Amino acid sequence: QYSMLIASQLEPTYARTVYPCFDEPAMKATFNIRIVHDPSYVALSNMPAIDVSEMKDENGSLWTVTTFNTSLRMSTYLTAFVICDFDYVTRTERGNEIRIWARKEAVKNGYADYALNITGPIFSFLEDLLNVSYPLPKTDLVALPDFGAGAMENWGLMTFQESLLMYLPSDKFTGRKAMVAIIVSHELGHQACEMLRHLFFLFKWFGNLVTMNWWNDLWLNEGLASYFEYLGATFVEPKLSLDKIFYDHVVQPVLREDNEIGVRSLSESEDKIKGSSSLMSLFDSITYNKGASITWMLSGFLTEKLFIRALTSYLKEFSFSNANQDDLWTHIQMVVDAQDEVQLPASVKQIMDSWTCQNGFPVLTLNLTTGTISQEHFLNKKNENSTDSYNNTWIIPISWMRNGSSQPLIWLDKSSRVFPEMQVSESEYDWILLNVNLSGYYRVNYDQLNLKRLACLLENDPKAVPSVSRFQLIDDVFALTQFGYIQIETALELTKYLAREDELFIWNVVLLNLVPENLESTLKNYEVYPLLKKYLLKRMLPIYHYYAGFIRQNVDALEDDYFAQVYLEKLFATACWLGLQDCLDLSSELYAKWMDNSEYKIPFLIRRTVCCYGVAVGSDKEWNFAWEMYNHTNSTTEDKDVLLSAMSCARESWLLYR
């Protein structure tokens, strides 16, 4: 008995394949939708159903006709429909009926409950924050078993890839709970502002109240939604350390990408974005991640209070209509002009255009003897085609601290400038840190003097530098090395302190930069392996033993450690790969436990590593057990994948041959 499922995804240009229309975001209308469907299914659309009746076709077969209420004024790409035989769970929040729809057995097992519990509070949080009220009487969130877009904020009928909306109670250790929180808030964000996208998702333009005039301003929709995602998610799950997750998942990955030749700028001119194929290319990390990073920077130098105040007035003026980025800058400018605490060096439009209309981003070079800061486009100096022919300059907000105390924000609005307050004394304890907590979208290249002082400081007292700044210092020096600005020795100076580093997300960025991507082959890495083994292992011991203690005694205590859920596996895999005896022993121990009792579950966080080294250190007995479990009928594809890769970890050629 197969069941059928139909779900629409009309963004950006597919509404025209469903009904005749002027399929552009600025052309808004109200929609009356009626669906004729098989009686054993239910039909959903943006609005509540107002009538369900029956009709016969010419063959005498019976059909159901579902008629929906007239929609609000909205863009064609937000219209939507789903025909399914799903079940739902429901609750009402401030008069808005929220239903989560999913496959019957998933609902029965309670997989939709977490999403139901957080959706209402996220809506209310957004309503209160932006001082708007949600204009629809109901919201349906539908979990689709297969959905390429991930999540879509259709107004009143949001669709999600099943894994992004379902939270399995047995999922304690997958970081999925955080993902669900983030995605739902992204999509709702759009709702609040059609109202206020992934749970981080519940926000798309302000999603739907104000739409962009044309797709070249898509980043406004998505970048703002991504920013609110993170605010909403922290509100729902206060234990998530938002700033760390934001820099780790959003800012750092896009800084790595946004310096290739030919990367576009955030806001392209309208004439560049014409055909639907060039449209699809806008749904990328520049739009989402760079958009969110720039928004975060903007909120930082304005202060969150002024930023939210400007957004509120912007939403009021443009509700149910269209806007472009200049409209937003105008509203921010009005708010800035009406107060005197925050002073800007130029107009909001001039500052923001330097970030949205130029591609790439700057690197600041600091000379502490003279107090000079200069900026240039961050490009790969090892690549001769990448000369800086544009001579771009940005208007850059610089947050900074000196010897541990925060200093007033300063601005660099030309190619270089002398800041007398940045000159340091002879004392090695006199140090400066720029772009504190990665609040600006750029990298920093310190002079040797300051780097030595920072390296020294980290060895004596790592906590004197905020954790996001430690993360960024390490990521910056390796990126500068890779692009030929500094020597690798200089970068390594900053890693000497690592035995005192207890933050997993910082270790992850170290391993990302120092350890080869695919660990399998020591042959490929024969030069670096013995050096890493000596240098890294002794520095990894403290954090390794800290987490190994939990794995041995009380793994459940890691449930709320988000970064352990995401990165612990990488740390353990590296320790075992570098031959740390305790790591190999731990893997054998846990694997043997599983062999003794196939009901035993190896801790999810390090399952892949344990299975691999359990087989590697073992003999044919361990290998045969993996093979046997692999052939078990009830193993999931994920189990099979883990076991398959474990069998390839065997060290005996005759086992590998099998």
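Before moving on, some conventions. This is a predicted model, in which local features need pLDDT of at least 70 and side-chain atom pairs count only at pLDDT 80 or more, while totals for chains, interfaces and linings use all residues. Residues are numbered from 1 along each chain as its sequence is written, and side-chain values use heavy atoms, with hydrogens and water left out. Helices (H or I, at least four residues) and strands (E, at least two) are DSSP runs, numbered from the N terminus.

**Stop 1**

Select residues 42-45 and 81-84. Strand β4 is joined to strand β8 (residues 81-84) by four bridges, and the two run antiparallel. Strands count as paired if DSSP finds at least two bridges between them.

From β1, step to proline 12, in the loop between β1 and β2 (28-29). The peptide bond that leads from glutamate 11 to proline 12 is cis, with omega near 0 degrees.

**Stop 2: the hairpin of β5 and β6**

Select residues 49-56 and 62-68. Strand β5 (residues 49-56) runs antiparallel to strand β6 (residues 62-68), and seven bridges join them. Lysine 56 has leucine 62 as its bridge partner in β6. Five residues lie between the strands of this hairpin, in which glycine 60 takes a positive phi near 85 degrees. Of the eight residues of β5, the number buried is zero, so the strand lies largely in the open. Here buried means under 20% relative accessible area, exposed means over 50% and partly exposed is in between (1.4 Å probe, protein chains only).

**Stop 3: two loop residues with positive phi**

Go to arginine 94, in the loop between β9 (87-93) and β10 (96-102). Arginine 94 is not a glycine, yet has a positive phi of about 50 degrees. Then select threonine 303, in the loop between α9 (285-302) and α10 (304-318). Threonine 303 is not a glycine either, and its positive phi is about 85 degrees. With 34% relative accessibility, threonine 303 counts as partly exposed.

**Stop 4: α7 against α14**

Select residues 242-257 and 467-482. The axes of helix α7 (residues 242-257) and helix α14 (residues 467-482) come within 11 Å and cross at roughly 10 degrees. That makes α7 roughly parallel to α14. Axes are lines fitted to C-alpha atoms, for helices over the stretch in contact, and angles run from 0 to 180 degrees between N-to-C directions. Angles under 35 degrees count as roughly parallel, over 145 as roughly antiparallel, 65 to 115 as roughly perpendicular and the rest as oblique.

To see the contact (heavy atoms within 4.5 Å), show Asp243, Lys244, Tyr247, Asp248, Gln252 and Arg256 in α7, which meet Ser467, Val468, Phe471, Asp475, Phe478, Ala479 and Gln482 in α14.

**Stop 5**

How many of the nine residues of helix α12 (residues 348-356) are buried? Seven are, so α12 is largely enclosed by the rest of the structure. Those to select are Val348, Ile351, Met352, Asp353, Ser354, Trp355 and Thr356.

Next, select residues 396-402 and 405-412. Strand β18 (residues 396-402) pairs with strand β19 (residues 405-412) in the antiparallel sense over six bridges. Isoleucine 398 stands opposite isoleucine 410 in β19. The two strands form a hairpin with two residues between them, and asparagine 403 in the turn has a positive phi of about 50 degrees.

**Stop 6**

Select residues 528-553 together with α18. The axes of helix α17 (residues 528-553) and α18 come within 9 Å and cross at roughly 130 degrees. α17 and α18 are therefore oblique to each other.

End on leucine 568, in helix α18 (residues 562-577). Leucine 568 is buried, with a relative accessible area of 0%. Leaving aside residues up to four places away in sequence, leucine 568 touches Leu504, Tyr547, Ile551, Leu558, Phe563, Leu605 and Ile606. For a distance check, leucine 568 and alanine 548 are 10.0 Å apart in space, C-alpha to C-alpha, and 20 residues apart in sequence.
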